[in-house]
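Please look over the sequence and the model below before reading on.

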Number of protein chains: 2
Amino acid sequence: MAIKLYGAAGSTATLQVQACLAEKDLHYEFVSINMSYKEHKTPEFLSRNPFGQVPAFEDGDLKLFESRAITQYLAHTYADKGNDVIIKDPKKMAIVAVWIEVESQKFDPACSKLVWELGYKPMFGMTSDDVVVEENEKKLEQVLDVYESRLSQSKYLGGDSFTLADLHHLPVIKYLMGTKAKRLFEARPHVSAWVADIQSRPAWVKAITT
Amino acid sequence: MAIKLYGAAGSTATLQVQACLAEKDLHYEFVSINMSYKEHKTPEFLSRNPFGQVPAFEDGDLKLFESRAITQYLAHTYADKGNDVIIKDPKKMAIVAVWIEVESQKFDPACSKLVWELGYKPMFGMTSDDVVVEENEKKLEQVLDVYESRLSQSKYLGGDSFTLADLHHLPVIKYLMGTKAKRLFEARPHVSAWVADIQSRPAWVKAITT
């Protein structure tokens, strides 16, 4: 079976999958989709992801999209490869699933707006919208307050070990650490230690440097 | 083990879990959280869900929140009870996981705004914001165009059988069918047939009438 990832540099969703592929120590072909040339809107790409968004993924005859579905597939299918990013015990895994949902439902909606306003807009010579920034920084602070409390009780969000619940945060955190939103993470000691820990994982370092 | 669901009437997230409990034919105690009295912001409730939102859930000594994490737990833990809502084959389940993510990432963000604007606001004597309605109807139409194509190829979103990927849509569809957004579903024949099919499931009828 050959794994192919269709993605784009700078896409946080693509990076979520790359982070997981690195943790599972899996070889794959990276197919670069040039969004400036609208390659994500071609009929060929739309047959891979009908929403016309990166990433798309294939493993032999299986075709998937949606980054969090792809990481789950990799974690379960390649359970015996690389590092564990799920937990076998069903009750402990149910707790991990809660925090996977928290990232998806609470952390990401606020952060993806901040990544756009504070990361991409300045890069494209556009002006950040202060009202949107303020509103989403407030939402992020509420989420990080919950994380601070959670991480004072367990080393990682899902429990004692690093799992997908942590991994899914990595790309957005990478971008926000280069913006003024960094202070919101640094103001919370347990969050700050967790960020330093997960950012220094060898697989993540490999994912963002190769 | 005793299952308890802490929820509120009218909460779509609570109804997602109730739909799953009905499909799995599980008995449970419903603990009504009165949000008018801010019962979802008490220290006791915040210990169950630190975001102060319904639902919260317990099964013996296991405490969970986030509706989609709870349904996954029920589907896997009680695989031998009631109706199957997941698929054992890992590749087929990976496809189901894609459409579970589509509901969470694409369908729900647009629909939850429409439920608020077209469902709850009029009920509370508030005026709907036409700009927000138009914007989110457009987003919903784009999602339903993808669904129309998908459902012309497979009976359900995740494949040949009803799964969590369909079930998670039920509460929001229930509310939108009572609003002008109903026309967006009815304009698409495969979507319309799917809506009729999943809405008529005995477990769902039981969930919303008991």
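**Briefing**

In chain B, strand 3 and strand 4 pair in the antiparallel sense over four bridges, where strands are DSSP runs of E with at least two residues and helices are runs of H or I with at least four, numbered from the N terminus, and two strands pair if DSSP finds at least two bridges between them. This is a predicted model, in which local features need pLDDT of at least 70 and side-chain atom pairs count only at pLDDT 80 or more, while totals for chains, interfaces and linings use all residues. Residues are numbered from 1 along each chain as its sequence is written, chains are lettered from A and ligands numbered from 1 in the order in which they are written, and side-chain values use heavy atoms, with hydrogens and water left out.

**The sheet of chain B**

- B:Phe57 stands opposite B:Leu64, a residue of strand 4 of chain B.
- In chain B, four strands in the order 2-1-3-4 form an open sheet with mixed pairing.
- The edges of this sheet are strand 2 (29-32) and strand 4 of chain B, each of which pairs on one side only.
- Helix 3 (residues 67-77) of chain B packs on the sheet and touches strand 1 (3-7), strand 3 and strand 4 of chain B, contact meaning heavy atoms within 4.5 Å.
- The direction of helix 3 of chain B makes about 135° with that of strand 4 of chain B, with axes as lines fitted to C-alpha atoms, for helices over the stretch in contact, and angles running from 0 to 180 degrees between N-to-C directions.

**Aromatic pairs**

- Over all chains the structure holds 26 aromatic pairs, a pair being rings of Phe, Tyr and Trp (its six-membered ring) with centres within 6.5 Å, called stacked with planes under 30 degrees apart, edge-to-face over 60 and tilted for the rest.
- The rings of A:Tyr120 and A:Phe124 are stacked, because their centres are 6.1 Å apart and their planes stand at 20°.
- B:Phe51 and B:Phe65 form a tilted pair, with 6.3 Å from centre to centre and 55° between the planes.
- B:Phe51 lies in the loop between helix 2 (43-46) and strand 3 (56-59) of chain B and B:Phe65 in strand 4 (residues 62-65) of chain B, so this pair ties together parts that are 14 residues apart in sequence.
- B:Phe65 counts as buried at 6% relative accessibility, buried meaning under 20% relative accessible area, exposed over 50% and partly exposed in between (1.4 Å probe, protein chains only).
- B:Phe51 is likewise buried, at 14% relative accessibility.

**Charges over rings**

- The charged end of A:Lys106 sits over the ring of B:Phe51, 5.2 Å from its centre, a term that asks for NZ of Lys or CZ of Arg within 6 Å of the ring centre and within 35 degrees of the ring normal.
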